[in-house]
Amino acid sequence: MKDANSIVSLATPIGIGALSIIRCSGESVKNVIETFFQKSLKPRYAYYINFKKNNETLDDVVAIYYKSPESYTGEDMLEITCHGGPVIYQMLIKEILTLPNFRLAKPGEFSERAYLNNKISLLEAESICALINAKTKEAALAARSSLSGKMSQEIFGIDEKLLNARIQVEALLDFSEEDIETEGLFEIENQLIDIKNKIKNLIKKIEKNQLFFEVSKIIIMGKPNTGKSSLINFLTQESVSIVNKEAGTTRDVVSKIFNIKGIPVIIQDTAGIRKTDNQIEQEGTNKAFDKAAESNIIIYLYDVTKGLQKDDFLNIEKLKKINTSLLIVGNKIDLITEKLDSFLKDKKEKSIYISIKKNTNIEKMIEKIINMLKENINDSSPGVMQIKHLAFLKRAYNDINNIEVDLSNLEIVAESLKASQQNLSEIIENEDNDRVLSGIFSNFCIGK
Amino acid sequence: MNNYDVIVIGGGHAGTEASLASARCGSKTLLLTQSFNTVGQMSCNPSIGGIGKGHLTKEVDALGGVMARAADTAGIHFRTLNKKKGPAVWATRSQADRDLYKFFIQKQIKEQKNLDVLENEVVDIITEKYSVSGVELNDGTIIKTKNIVLTAGTFLSGIIHIGDQKFSAGRIGEKASNKLADRMRDLDLKMGRLKTGTPPRLNVDSINFSNLEEQPGDEPRPIFSFVGSNLDHPKQIKCYIARTNRMTHDIIKGSLNRSPLFNGVITGKGPRYCPSIEDKVTRFADKESHQIFLEPEGLNSKLIYPNGISTSLPKEDQENFIRTIEGLENVVIENYGYAIEYDFFDPRGLNSNLENKKISGFFMAGQINGTTGYEEAASQGIVAGINASLRSQAKEMWSPSRENSYVGVMIDDLITQGATEPYRMFTSRAEHRLYLREDNADKRLTPIGWKLGSVEEKRYNIYNKKQDQIDREIERLADFKIMENNRKITAKEFLKRPKTSYKDLCNYSSDYCLAESDIGENCSIRIKYEGYIKKQKLEIIKNKKDEEMVLPNKMNYSEITALSIEARENLAMVKPQNLRQAARVPGVTPAAISILKVQIKAFQNNAK
């Protein structure tokens, strides 16, 4: 709800560490405790407790309740420490948001409330403002990165369509005396159906992908027999959860989901890249490059005993153009008998040298991967943004669902379209009250 | 010369409502006009109301104003626009007999207690330490007052254009107030220039109506005033619709270089809509024909007002293009159309009570605030008049809100966004359109007007009786069961559905249809929108909270570096009174509102 005054947000950066902390503040905090813990918590005591939806335990958490005014914000507050990883905290935040009077916190809002409730001294006004700004920028970035280019294009498209429908309807309401030629009610109704379907499809798409949204993608590439499959098996040995074999030929990309130190990743195996006249093999190679473009990190594996060869360099050049997060890894270092230093001289590409077989330098490589992932993931969680987008899309849909386009209730149609567009604006920040009037004046000849 | 509590300058729609309201509220009031004979004059089209404008007219009425009663008394053709749509956008419109309208307004002014009229020209507004202290007249007389309402319309440095002719005037045949305009420049208020236009007036006997489309008024006739009746209405007449054609457009296009609106002579800003026929044929060149409403100016008048062809073309071009129109082949033009440019004051310099932010006791209303239209002017006038009076009595002033009225929407728009074109009311400007209806304007505003003193006892009693009847009837409808398809439902549930009306209840049994028809209709409208209006309540509560967060006048926005430069500049210019207004200032984002909240708190802490 836009006007809700109780807020929830993730207090810890995502992915890093084994735990995440969810923070709630406001008068409806008690409702969270009652609903999900089904008992009352004594203020300032840590409870190890199950977070339950009805009777199903979603996670075992540590919860601390702070009673107003003895809390950071000065309001009733609840801190829930849950297991790390976006899947868990997204699920819990989503549940909390189903309660009335709850919404996601605005950037910097906990600090803002603390300040407004005299919990932080007056010297800090400037720093609070700076924080709000910084967090707003961060959130904007996160919002942008949480919408794929295609998806935001779709939302902008729906927004355009809604605007056009509103221009038609509002013109009929405000200027029925002018002799204007609108597209007519039948056309408006068709537009409405089209808009509804588009929003519905978008909701479906997001819902389908939601849990995996924040999962980073790592793709492993390289020529045949460089150890790609061994690397994947090595990395995922303990935690393979899903094996997904995409439809197609045997030369397609195979992916597995697991997590590296709490960060969920999809790791994708590709067929060995080699020059070939075989059409099917070539298709597999092309597909691998497409996937590489979409991935967060590319690991390019080669056999150190053979070194980087001409076609390796060609591949690396090509990959660098489509994705800058490239990690070059030389495998089979255990097979090198001569002195390593002299062997590594004059290498053009900076690599990490490992041996999967002997478990050499694997930790170092994982550390490097994690650092690259961290750079890839914004501090503000796109996953939380995704919850917000979904909520507003659903509202935008409900606003215009069950609306009958008829002259006799055209003002209701107008209000519904407006509400729907306002909800979309919460996602794409495209609110401009004057757009409708401007649209009317440029489309229709309105006299005095 | 005697002192006055309130002096109103200007006798147009804003000035008459302002002076009457001030006097009703109990202040000794003086109305200053160049000529009493022009008081209440409809200087442009002879009609009142329309979509959005009808809403404003009813709000003026609900606050005790005269516009609606004048329109009832003078109305010679009534319609309810948008009648096929839902009641929230139903809008009353009438053609008015100019003389009857003016006569009614002048009579009200003559009869109003506490109100004097003086015919003279004001040449100076006298201020002391940024407070109003009096006015100076043309003959050097000084009248003392602490409260002035300026409603100068288009009179401040007005220039009329007809083709390449141009001359200084307030309206056609009336002189502009140039001395006052010069003096106003000294006050260093931000000003701008706007333009508007009017069509030629046609001689009724020279028009051949036989092939023109007739437009009769509605029966039963709608009534403007909550205390009016259709017995107030004079004889009714018909209007006609004529249409321009290709030839008309060709002539206009051929003479555009002689139109001051187009050849660069007029620099004032015009609106995005199309006020002149020159605009229409150039901006919408594909449109083959534009409609013209032929509106009689009165029962005894020989003049027809052709609504839809306002123009500033030279006289001979006006004649040439009009005579291409079917029915107007031999038309005689009695007065030529003209464009007028005039000064207006940036309304961002006003508080929501229409008092100037810089000069205490100086109120402004109407066209000088950048609006267009009688109804827009009148509704500002009544707000300014009430507040000038309240201020003279050292009482708390009143600001209408976006939640309770269209006049609140308009004033908030003006003071937060300024006027980039003549501001005209549209229902789409209101967030709470389903609540801001014509039928409940009295429920929204009459109790407020009663408290403020602008509503007289007689009206308040009528109002109370009506609300009482509605409340009781709604209670009765909630209990009454009717059988429908073998299912019992309450009459209230029945009325909640789309396309049902109170009259439909009579089909079930005459018992269900007890109340008088207008009471019944009021009930059914209220029931219909109940659910939608409840939904908006939360937002209204939030807005109220933001309204209570007052932004200190001394806030130095240029120092708040956390705000964007655009937000800082606009906030410094607008100086919003509270967070609610600030949120509507261009460039102020939700994050900027958070920052302003923190800054208000810091300001308060520092002040301690």
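Predicted model: local features only at pLDDT ≥ 70, side-chain atom pairs only at ≥ 80, totals over all residues.
Lys135(A) lies in helix α4 of chain A, which runs over residues 125-146. Is Lys135(A) buried or exposed? Because 22 C-beta neighbours lie inside 10 Å, Lys135(A) counts as buried, the cut-off for this class being 20 or more. Once residues up to four places away in sequence are set aside, Lys135(A) touches Pro107(A) and Gly108(A). Lys106(A) is 29 residues from Lys135(A) along the chain, and the C-alpha atoms of these two lysines are separated by 8.7 Å.

We can now turn to where the two chains meet. The contact between them takes 36 residues from chain A and 45 residues from chain B. On the side of chain B that touches chain A, the elements that give two or more residues are α7 (277-283), α16 (537-548) and α19 (590-607) of chain B. Of these, α19(B) provides the largest share, with 11 residues. By residue type, the side of chain B that touches chain A divides into 19 nonpolar, 14 polar and 12 charged residues.

Two packed helices are described by the angle between their axes and the distance between the axes. Helix α1 of chain B, residues 13-24, and helix α4 of chain B, residues 98-111, have axes that come within 10 Å and cross at roughly 30 degrees. Angles under 35 degrees count as roughly parallel, and α1(B) and α4(B) are therefore roughly parallel to each other. Their crossing is left-handed. Which residues make this contact? From α1(B) come Thr16(B), Ser19(B) and Leu20(B), while α4(B) supplies Ile105(B), Gln108(B) and Ile109(B). These contact residues of α1(B) and α4(B) divide into 3 nonpolar, 3 polar and no charged.

The interior deserves attention next. In soluble globular proteins, nonpolar side chains tend to be buried together. In this model the largest nonpolar core has 96 residues, and those with the most contacts inside it are Ile7(B), Ile148(B), Val149(B), Phe363(B), Met364(B), Ala365(B) and Ala384(B). Helix α9 of chain B, residues 374-392, gives the most to this core, with 9 residues. Looking at Ile148(B) in particular, and leaving aside its neighbours within four places in sequence, we find it in contact with Ile7(B), Ile9(B), Ile125(B), Val132(B), Val135(B), Gly361(B), Phe362(B) and Phe363(B). A second, separate core has 43 residues, and these include Phe175(A), Ile199(A) and Ile400(A) from chain A together with Ile51(B) from chain B.

Tyr460(B) gives another view of chain B, since 17 other C-beta atoms lie within 10 Å of it and it is partly exposed. This tyrosine lies in helix α12 of chain B, residues 457-479. Not counting residues up to four places away in sequence, Tyr460(B) touches Thr446(B), Trp450(B) and Val455(B). Between Tyr460(B) and Asp442(B) there are 18 residues of separation in sequence, and the distance from C-alpha to C-alpha is 9.6 Å.

Lastly, we come to the backbone positions. The peptide bond from Ser68(A) to Pro69(A) is cis, with omega near 0 degrees, and Pro69(A) is found in the loop between β4 (56-66) and β5 (77-83) of chain A. In chain B, the peptide bond from Glu219(B) to Pro220(B) is cis, with omega near -5 degrees, and Pro220(B) is found in the loop between β15 (213-215) and β16 (239-243).

Tyr130(B) has a positive phi of about 60 degrees although it is not a glycine, and it lies in the loop between β7 (122-128) and β8 (131-137) of chain B. Because Tyr130(B) has 13 C-beta neighbours inside 10 Å, it counts as partly exposed. Ala394(B), also not a glycine, has a positive phi of about 55 degrees and is found in the loop between α9 and α10 (406-417) of chain B. With 6 C-beta neighbours inside 10 Å, Ala394(B) counts as exposed.

Conventions
Residues numbered from 1 in each chain as written. Chains lettered and ligands numbered in written order. Contact = placed C-beta atoms within 7 Å. Helix = DSSP H or I, 4+ residues; strand = E, 2+ residues; numbered from the N terminus. Nonpolar A, V, L, I, M, F, W, Y, C, P; charged D, E, K, R; others polar. Axes fitted to C-alpha atoms, helices over the stretch in contact; angles between N-to-C directions. Parallel < 35°, antiparallel > 145°, perpendicular 65-115°, else oblique. Left-handed = near helix turned anticlockwise from the far one by under 90°. Core = buried A, V, L, I, M, F, W, Y, C linked by C-beta atoms within 7 Å. Buried ≥ 20, exposed ≤ 12 C-beta atoms within 10 Å, placed from the backbone.
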